[in-house]
Amino acid sequence: MFYGLADSNNFVYTVEIPDLTEDNHIDFKQPVHPDIVKRAEQKLGNAIPQKFILDGKDFRKYLAKILGGGSDVKSEKLASEFLNCIGVALLSTKKDASHQLHIVLHYCHKTISD
């Protein structure tokens with residue numbers, strides 16, 4: 001699915017929204033899929049504590065802390081880039097009756113080892 005803003009000659013942006021699968025998105029307040037955890041641990045080279053695997057939001061915050069040292073914009077960007085590198089395309093949050101999806105738009109950061 002593509003979303004974009006365009007006039008007849010120019011695209012301002014185009015975003016491809018991938019189909020949701022169990023191992024390409026993280027839900028806040030839900031356990032992180034084991035395949036995502038495995039890919040993250042392989043890339044990081046160490047195990048992720050269980051308490052951060054039980055909630056997608058905590059998982060993302062944990063990555064920001066270990067990759068960037070905190071919860072500032074730089075750390076959050078590094079976590080987003082890392083998630084993209086391991087195949088996580090979407091972060092979803094659930095608030096009341098609405099369901100919001102946040103697209104991970106960053107590319108792999110050059111300091112993250114392959």
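## Surface and model

The protein chain exposes about 7,600 Å², and carbon and sulfur atoms supply 53% of it (areas come from the Shrake-Rupley method with a 1.4 Å probe; for residues, only the protein chains shown count as cover). Keep in mind that this is a predicted model, where local features need pLDDT of at least 70, side-chain atom pairs count only at pLDDT 80 or more, and totals for chains, interfaces and linings use all residues. Residues are numbered from 1 along each chain as its sequence is written, and side-chain values use heavy atoms, with hydrogens and water left out.

## Overall layout

The protein chain has four helices and five strands, and along the sequence they run β-β-β-α-α-α-α-β-β. Here helices (H or I, at least four residues) and strands (E, at least two) are DSSP runs, numbered from the N terminus.

Of the chain's 114 residues, 32% are buried, meaning under 20% relative accessible area with a 1.4 Å probe, protein chains only.

## The core

So who sits in the middle of the largest nonpolar core? Ile26, Ile36, Phe59, Leu63, Leu83, Ile86 and Val88 touch the most other members among its 18 residues. Such a core is a set of buried Ala, Val, Leu, Ile, Met, Phe, Trp, Tyr and Cys residues joined through side-chain atoms within 4.5 Å. α1 (34-44), α3 (56-68) and α4 (73-85) each supply at least two residues of this core, and α3 gives the largest share, four residues.

## A look at α4

The 13 residues of α4 should span 18 Å at 1.5 Å a residue, and this agrees with its end C-alpha atoms, which are 18 Å apart. The expected span is 1.5 Å times one less than the number of residues.

In α4, the buried residues are Ser75, Leu78, Ala79, Ser80, Glu81, Phe82 and Leu83. Just after α4 comes Gly87, with a positive phi of about 90°.

Terms used. Buried < 20%, exposed > 50% of the residue type's maximum accessible area, 1.4 Å probe, protein only.
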